[in-house]
Amino acid sequence: MPLPTEPIGSIPRPTHLLAALSAHAAGRISAEQLHVAEEAALRDTIARFEDTGSPIITDGEQTKPSFATYPLTGLSNLAATGVVIPFADGHTRQLPRLTAGPFRYGVYAVAYLKVAQVYARRPLKQAVISASALSLLYPQSGLPGYSREAFLEDLIKEAARDIRECLDAGAVCVQIDFTEGRLALKLDTSGGVLDAFIELNNCVLDRFTAAERQRIGVHTCPGGDQDSTHSADVAYTSLLPALFRLNVGRFYIQLANEPDRRRVLTAIRKLLKPGQVLFVGVTDPINPRVESPEQVRDRVLEAAELIPLESLGATDDCGFSPFADDTSTSREISFAKVRSRVEGTLMASKVLGV
């Protein structure tokens with residue numbers, strides 16, 4: 001069997017869908033008209049994903065507002081003035097702030113999965129947001145009648161349900177997006193925030209069996225939005241010991257644009273447990289240059305020098321458009337990178353005799 005290869009998740013939305021989203025927000029088109037545009041984008045995305053030869057695909061997150069905020073769709077107990085995340089190029093993203101309890105998801109990821117299954121012929125994976133990212137919704141000043149402890153209990157239940165429903169509905173695997181890992185070290189160099197994030201996510205993972213956790217993975221990167229990052233200046237090796245305490249079977253790590261890949265791989269080799277699979281990033285979504293299959297092959301072969309073959313796979317560094325309005329990378333470039341990843345991983349597999 002060739003080495004496994006999977007995407008991370010998002011693909012840039014087509015211009016007709018972005019126009020429909022803007023028109024719907026302005027009240028110029030109906031929800032039904034928006035749905036028609038979404039369905040067309042979804043069908044096209046899945047067809048193009050399958051044309052790349054990718055053995056596992058996603059829905060491209062075409063109908064998610066963002067990788068992080070989809071569970072908040074339709075909720076009324078939120079304010080806009082939440083945590084601000086600054087990026088290196090100066091732009092920011094802001095999370096909402098919870099204004100009252102209890103906390104419940106407005107939308108579960110299985111809703112996206114089930115629609116994609118109507119059109120897909122290849123196995124689908126489903127990305128979900130981490131409980132640790134959503135924990136940032138709770139205000140530091142607290143909420144009357146709704147303690148942080150009560151909030152976290154509700155959050156753990158909801159995050160576990162989000163994963164459980166995807167597994168039960170037939171997702172080949174579920175990927176937890178944990179891009180706040182390195183950011184936590186930037187906000188708190190002592191590591192206390194990161195440790196709390198790991199503990200919280202493991203509380204969610206404790207609700208699954210060992211066999212189920214083999215189908216659950218975690219993705220980490222220093223953020224990737226509008227061709228910029230929020231925490232690439234944090235040493236990767238500072239994150240890794242905590243990251244590999246997460247009780248999952250699969251790790252998807254940004255590596256293609258890492259300046260010292262061998263150093264990172266050497267550190268991971270000491271942390272990777274038997275039975276776990278490491279998917280190394282071999283394409284860089286924030287670099288418009290499309291990697292050749294030969295470049296992908298060489299990056300996989302480099303990783304194979306340090307990581308056992310039974311524990312090695314390939315992926316993209318990040319999603320290509322984790323926020324719906326991010327048009328910094330075109331659909332054409334995104335799918336070209338996916339195709340190179342698939343072809344290059346197969347080339348490496350042949351060299352390695354697998």
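This is a predicted model: local features need pLDDT of at least 70, side-chain atom pairs count only at pLDDT 80 or more; totals for chains, interfaces and linings use all residues.
Residues are numbered from 1 along each chain as its sequence is written, and side-chain values use heavy atoms, with hydrogens and water left out.

**Overall form**

- The protein chain comprises twelve helices and ten strands; helices (H or I, at least four residues) and strands (E, at least two) are DSSP runs, numbered from the N terminus.
- Its radius of gyration, taken over C-alpha atoms, is 19 Å, close to the 20 Å of the globule rule (2.2 Å times the number of residues to the power 0.38) for 354 residues, so the chain is as compact as a globular protein of that length.
- Along the principal axes, the C-alpha atoms of the protein chain fill a box of roughly 60 × 45 × 40 Å.
- Of the 354 residues in the protein chain, 56% are buried.
- The accessible surface of the protein chain is about 14,300 Å², and carbon and sulfur atoms hold 54% of that area; accessible areas come from the Shrake-Rupley method with a 1.4 Å probe, and for residues only the protein chains shown count as cover.
- Among contacts (heavy atoms within 4.5 Å) with a separation of 6 or more, 79% are between residues 24 or more positions apart.

- Strand β5 (residues 125-129) runs parallel to β6 and is paired with it over five bridges; two strands pair if DSSP finds at least two bridges between them.
- In that pairing, I129 stands opposite D177 in β6.
- Strand β6 (residues 173-177) is joined in turn to β7 by four bridges, again in parallel.
- Across this second pairing, Q175 faces G217 in β7, and I176 stands opposite V218 in β7.
- β7 also pairs with strand β8 (residues 250-253), in the parallel sense and over four bridges, with V218 opposite F251 in β8.
- β6 is mostly covered, five of its five residues being buried: C173, Q175 and D177 lie on one side, V174 and I176 on the other.
- Strand β7 (residues 216-220) is largely enclosed by the rest of the structure, because five of its five residues are buried.
- Both faces of β7 are covered, with I216, V218 and T220 on one side and G217 and H219 on the other.
- Together, β7, helix α9 (residues 236-243) and β8 form a right-handed β-α-β unit; right-handed here means that, with the strands pointing away from the viewer, the path from the first strand over the helix to the second runs clockwise.

**Salt bridges**

- The model holds 21 salt bridges, each being a side-chain nitrogen of Lys or Arg within 4 Å of a carboxyl oxygen of Asp or Glu.
- One of them joins the side chains of R245 and D195, at 3.1 Å from N to O.
- R245 lies in the loop between α9 and β8 and D195 in helix α7 (residues 192-205), so this pair ties together parts that are 50 residues apart in sequence.
- Both partners are partly exposed: R245 has a relative accessibility of 40%, and D195 has a relative accessible area of 37%.
- R261 forms a salt bridge with E302, and the closest N and O atoms are 2.8 Å apart.
- This pair links distant parts of the chain, since R261 is in helix α10 (residues 261-271) and E302 is in helix α11, 41 residues apart.
- R261 is partly exposed at 22% relative accessibility, whereas E302 is buried with a relative accessible area of 17%.
- The side chains of R297 and D298 also meet in a salt bridge, 3.0 Å from N to O, and D298 is partly exposed at 41% relative accessibility.

- R299 is placed in helix α11 (residues 293-304).
- With 15% relative accessibility, R299 counts as buried.
- Leaving aside residues up to four places away in sequence, R299 touches A256, R261, V282, T283, R289 and E291.

Notes: Buried means under 20% relative accessible area, exposed over 50%, partly exposed in between (1.4 Å probe, protein chains only).
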